[in-house]
Amino acid sequence: MKVTINGTAHELPSGATVTQAVQRLTGARSGVAVAVNDEVVSRSSWDSTALVEADRVEVLTAVQGG
């Protein structure tokens, strides 16, 4: 199925979860926030939140610096 992750089209297997979308972009699990179709998904729900065709996923990572 095709989903949009951070504005770019990605092909994921049917039934893919938020966790799989995050792994597609980054190996980090801390300092990461995710929204699906403009709704924030809590980290505890990533494994159980299935994506569907045409979902829009935003993966935001914290950046440190000074």
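**View 1. Parallel pairing of strands E1 and E5 in the predicted model.** In this predicted model, strand E1, residues 2–5, and strand E5, residues 56–61, pair in the parallel sense over two bridges. Within this pair, isoleucine 5 stands opposite valine 57 of E5.

**View 2. The hairpin of E1 and E2.** Strand E2, residues 8–11, pairs with E1 in the antiparallel sense, and four bridges join the two. Lysine 2 has glutamate 11 of E2 as its bridge partner. Two residues lie between the strands of this hairpin, in which asparagine 6 takes a positive phi near 50 degrees.

**View 3. The five-stranded open sheet.** The strands follow the order E2-E1-E5-E3-E4, and their pairing is mixed. Because E2 and strand E4, residues 39–41, stand at the edges with a single partner strand each, one side of each is left without a neighbour in the sheet. From one strand to the next, the twist averages 35 degrees. E3 and E5 run antiparallel and are joined by five bridges, and in this pairing valine 36 stands opposite valine 57 of E5.

**View 4. Helix H1 against the sheet.** H1 lies across E1, E2, E3, E4 and E5, and runs at about 125 degrees to E3. Its buried residues are Val18, Thr19, Ala21 and Val22. These residues cover an arc of only 160 degrees around the axis, and they are therefore on the same side of H1. The elements against which the buried residues of H1 pack are E1, E3, E4 and E5.

**View 5. The largest nonpolar core and the surroundings of valine 18.** This core holds 16 residues, of which Leu12, Val18, Val34, Leu51 and Val57 touch the most other members. Two or more residues of the core come from each of E1, helix H1 (18–25), strand E3 (32–36) and E5. When its neighbours within four places in sequence are left aside, valine 18 is in contact with Val34, Val36, Val41, Trp46, Thr49 and Leu51; of these partners, Val34 and Leu51 are also named among the core residues that touch the most other members.

Notes
Residues are numbered from 1 along each chain as its sequence is written. This is a predicted model: local features need pLDDT of at least 70, side-chain atom pairs count only at pLDDT 80 or more; totals for chains, interfaces and linings use all residues. Side-chain values use heavy atoms; hydrogens and water are left out. Two strands pair if DSSP finds at least two bridges between them. A nonpolar core is a set of buried Ala, Val, Leu, Ile, Met, Phe, Trp, Tyr and Cys residues joined through side-chain atoms within 4.5 Å. Buried means under 20% relative accessible area, exposed over 50%, partly exposed in between (1.4 Å probe, protein chains only). Contact means heavy atoms within 4.5 Å. Axes are lines fitted to C-alpha atoms, for helices over the stretch in contact, and angles run from 0 to 180 degrees between N-to-C directions. The arc is that of the directions from the helix axis to the C-beta atoms.
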